[in-house]
Structure formats: C-alpha cells, structure tokens
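Dear colleague,

Please find the structure below, handed over for your records.

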Amino acid sequence: MILGGTTEARRLAAALTARPDLDVTISLAGRTADPLPQPVPSRTGGFGGAEGLARYLRDEQISVLIDATHPFAAQMSRNAAEAVSESGVPAFTLRRAPWECVEGDRWTPAADVPAAIAALGPSPRRVFLAIGRQEAHHANAAPMHRYLVRSVDAVEPPLTVPEVTYIRDLGPFRLEDEIALMRGHGIDALVTKNSGGAATHAKIEAARHLGIEVIMIERAPDAGLPVVTTVEAALGQLDHLLSPAMKRGV
Ligand code: NAP
C-alpha cells in the first residue's frame, strides 16, 4: 500500500501497474475536492491514528507499506512509522529531496507557518502566500500585510485580513508566469514550504530573479523509516523488501 497525495505516489503506482505479481492500493486523505485519477485502486480517508493503520495493515495483509505522502504531512508519517513498528510490516518512505539555497537566493528559515508569518516583521508587506490552503489561516495573525494566496482548492473560511487576493491553480508552474505574477502584484516576500520537486520550484527561481525574500518553512525531522528520494529508488527498495531472502528474514 502506498500512502499518497503526491505526484511521486502517483508515478510510483503507475510504474507498479507493470507488475502483475503485486496488488497495489493507494491511500488518500480525501482533502482535495477533485482529486486526479489514480493508476491503481484507491481508498480514501483516515485510518484512525497509528493504531487504526496498524489494524488496517493486519486486516488487509499488507506486505509492504510505502509512505509517499507530502513532506509536510508529518502526522501521517509519524503514524506510519509507529504502525509498522507495532505490526512488523516492512516499510520505507519515498520523499523528494528538499530545495537547496543557492547563490542569489534570499532565504529566511522558519520552523512552521506561524513562525513564517511572524518573520514577515511588523511593517506592511506584499506577501505571496504559497503554502496550500490548510494553514493559510495563520496569516490572520498579521493583518497589516497584503496577501496573494494561491491554493488548489478554495481557502475556507476565507482569511479575515483586510487585503487579500486568492488564486486557485495547480502546478506545474512556469518561471515566466511566476515572475509576471509576482511583478504584477508587487510582491516583496514569498512564504513557502520547502516541499522540493520540480512542479512548484519556479516560484523559488522567480523570487531569486526578482531579489525577493523567501520565508522558507523547513520540514520536520523524518519519522524514522528508511528514506528514498526518487521513484526509481523506490522500485529498487520494493524489490529488495520483496526478495525471497528478505521474506526468509535474511
Ligand atoms: P497530516 O496532517 O500528516 O495527516 C492528518 C491525518 O490525515 C492523518 O493522521 C490521517 O488520519 C489522515 N491522512 C493523511 N494522509 C493520508 C493518506 N495518504 N491516507 C489516509 N489518511 C491520511 O496530513 P496533511 O498535511 O493534512 O496532508 C493530507 C494529505 O494531503 C496527505 O496525503 C499528503 O500527502 C497530501 N498533501 C499535503 C500537503 C501539505 O502541505 N501538508 C501538500 C500536498 C499534498 P488518521 O490519523 O485518521 O489515519
């Protein structure tokens, strides 16, 4: 079973359709109103914490669990690590590498979304808030800034700040479009999670190009499962875990 909600999870599932020896299920939280179609059968909704997941793994006789959730889905990853330590199911994490700060970048690290909003400082700024809809409400703590908020689904309830513009869009995004967007809105700070990956990297390049400060929200530490960063490496790891030697416990 693949814990999904990411491009990598979908790509891994697609690659596994070529494996008739495997019965693959992808699990989704059910947050997206209109989720993309999945290449393998899917199930939707929480398991009921680590205990619920451990029970599910046992009941469904799952041979391998792959945590391919988003790098910021920290609770699900903790649950996965706890459930497999309880149930003994082999498991690993597929997690894209974080973006690295390069010359020309102006990054200010932040531990979480509230810290990122605080890092904007007390003077009014024009902020591009590109962190998804679930945690956008933290901007309410700093109503002196003007916000451009981009998310896949609508921010509900809307922010209470006086000046906000919403854009609903799904990546991948192009550099020239990101530059035009940030210029057009007079943006002077970008708030983003360090999600990694190519689909949303153009905002980072656009900020570099325009000399804009990036408040970069860092990832929580990994939950403890072995980590691979590419779909190709995940296929190798899966083969390793399914090898006869591993099944004998070697
Ligand atoms: P989270 O805070 O780590 O998880 C909260 C709860 O949602 C979990 O305890 C679990 O409920 C349920 N859940 C999460 N992922 C699930 C999955 N793949 N299958 C079944 N249940 C799941 O997660 P989140 O940050 O809300 O993210 C939810 C989903 O959106 C994830 O699948 C993630 O890959 C995707 N996503 C997240 C972000 C982000 O920035 N956080 C961005 C893009 C996509 P129970 O405890 O009841 O099992």
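The lining of the second largest pocket is made up of 11 nonpolar, three polar and three charged residues; here Ala, Val, Leu, Ile, Met, Phe, Trp, Tyr, Cys and Pro count as nonpolar, Asp, Glu, Lys and Arg as charged, and the others, Gly among them, as polar. Of the 17 lining residues, M1, D23, V24, S63 and V64 lie nearest the centre of this pocket. A pocket is an open set of points on a 1 Å grid over the protein atoms alone, where a 1.4 Å probe fits, with protein on both sides within 12 Å along at least five of seven lines; lining residues have an atom within 4 Å of a point. The space in this pocket is about 350 Å³, a volume being that filled by probe spheres set on the points, which are joined across faces, edges and corners.

The model is predicted: local features need pLDDT of at least 70 and side-chain atom pairs pLDDT 80 or more, whereas totals for chains, interfaces and linings use all residues. Residues are numbered from 1 along each chain as its sequence is written, and side-chain values use heavy atoms, with hydrogens and water left out.

Helices (H or I, at least four residues) and strands (E, at least two) are DSSP runs, numbered from the N terminus.

D188 and R125 form one of them (3.1 Å, N to O); D188 is in the loop between α5 (175-184) and β10, and R125, 63 residues apart from it, is in the loop between α4 and β7. D188 is partly exposed at 30% relative accessible area, whereas R125 is buried at 17% (buried is under 20%, exposed over 50%, partly exposed in between; 1.4 Å probe, protein chains only). R150 in strand β8 and E178 in helix α5 are 28 residues apart; their closest N and O atoms are 2.8 Å apart, and both residues are buried.

Yours sincerely

Conventions
Salt bridge = Lys/Arg side-chain N within 4 Å of Asp/Glu carboxyl O.
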